Amino acid sequence: MELSDIKGLGPKTIEYLNNIGINNIDDLVTYYPYRHDVIILNDIKEAKDGDKVTIECIVDSVPLARRFRANMSSLTFRAMSSKKIIAVVIFNRVYLKSNIRPGSVLTVIGKYDALKNTVIASDIKFEKLATGSIESVYHLTNGLTLKSLRKYINEALESYNSYIDYIPGYLNEKYEFISKEDAVRMIHNPKNEEEVKKALIKLKYEELFEFMFKINYMKEMNKESKTDYIRNIDPEDINDFIRTLPF
C-alpha cells in the first residue's frame, strides 16, 4: 500500500506529509501524537471572564465573514449553549463558513469574554465531544490540518498489518507489555487515559531498547575494527636520524 492509495491523498497533500517526515505508509502509521487532550465540556453559564472553555452549541445565525488588513480575517456567528445565546468569533478561518449552518451542532474551544458575551474560539469541531473523550494531537505543517491527518492515519490503520515488535518476547512477557499492534492503535485512538498509558509505556520502552541495541552494536563493531599495528623498527635507522639533528 502506498500513500497515494489513501482516499483524498493527492500529490500536493503527499508533499505536505513529506515535509514532516512521512514518506510511506509505515511513516504515517508510526507518526505518533505528541500529546493527548482530555475533553471536559463546560457550562457557559458558569464561565467567568477569561476562562478557557470547551462548549457544545447549536448555531443560531449565518456566519458573517470580515476581512481587515492584508492577512487577517474573522468569522462571527451566534450560537446557543446551555440555553444561553452567545457570540462566537474565530480568526483566519473564513474557509469554515460553508460548514457553519444554522441548526448545526458544534464543539467550540476558546476563551470567554464576559463583557462581550463572546467566545474567542481557537478551534471549532464539527462533531459532538463527550466529557472524558480523548483527542490525539500531532505536529503539523502548513497545508495540513489535524482533522485531515487523523483521517489519513485511521484509513491507513484499517488495512495496515506490517507491525514489527522490536522488543524480544521474553521482555514483553516479563513486563506485561501490550502487543505492538495494540500500542499503535491505542496511541492514535485511545478510549481512555489507561490506554494512553499502556501504549506510551510500550512504545517508549521499544524506542529505548532500539537505541541501546544500536549503541551496543556500534561498540562491538568498533572492537572488531581495532587491530594491533605491528611496527618493525630498525634501531640503526633511529640512530642515523638522531645524528642528523642539529642539537
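**View 1. A salt bridge joins the side chains of Glu-15 and Lys-12 at 3.8 Å, N to O.** A salt bridge here is a side-chain nitrogen of Lys or Arg within 4 Å of a carboxyl oxygen of Asp or Glu. The model is predicted, with local features needing pLDDT of at least 70 and side-chain atom pairs counted only at pLDDT 80 or more, while totals for chains, interfaces and linings use all residues. Residues are numbered from 1 along each chain as its sequence is written, and side-chain values use heavy atoms, leaving out hydrogens and water. Because Glu-15 and Lys-12 are 3 residues apart in helix H1, about one helical turn separates them. Helices (H or I, at least four residues) and strands (E, at least two) are DSSP runs, numbered from the N terminus. Glu-15 is partly exposed at 39% relative accessible area, and Lys-12 is partly exposed at 47%. Buried means under 20% relative accessible area, exposed over 50%, and partly exposed in between (1.4 Å probe, protein chains only).

**View 2. The side chains of Asp-123 and Arg-93 form a salt bridge of 3.9 Å, N to O.** Asp-123 lies in strand E7 (residues 118-125) and Arg-93 in the loop between strands E5 (84-91) and E6 (105-113), so the pair ties together parts 30 residues apart in sequence. Asp-123 is partly exposed, with 22% relative accessibility; Arg-93 is partly exposed too, at 23%.

**View 3. Lys-180 and Glu-206 meet through their side chains in a salt bridge of 3.2 Å, N to O.** Lys-180 belongs to helix H5 (residues 180-188) and Glu-206 to helix H6 (residues 193-225), so this pair ties together parts 26 residues apart in sequence. Both residues are buried. Elsewhere, salt bridges with shared partners join Arg-93, Asp-123, Lys-125, Glu-135 and Arg-150 into one network. The whole structure has 11 salt bridges.

**View 4. Strand E8 (residues 134-137) has buried residues pointing both ways.** Ile-134 and Ser-136 point one way, Glu-135 and Val-137 the other. Strand E1 (residues 35-38) runs antiparallel to E8 and is joined to E8 by 4 bridges; strands pair if DSSP finds at least two bridges between them. Glu-135 is the bridge partner of Asp-37.

**View 5. The largest nonpolar core has 22 residues.** Such a core is a set of buried Ala, Val, Leu, Ile, Met, Phe, Trp, Tyr and Cys residues joined through side-chain atoms within 4.5 Å. Helices H1 (11-19), H2 (25-29) and H3 (146-159) each supply at least two of its residues, and H3 gives the largest share, 6 residues.
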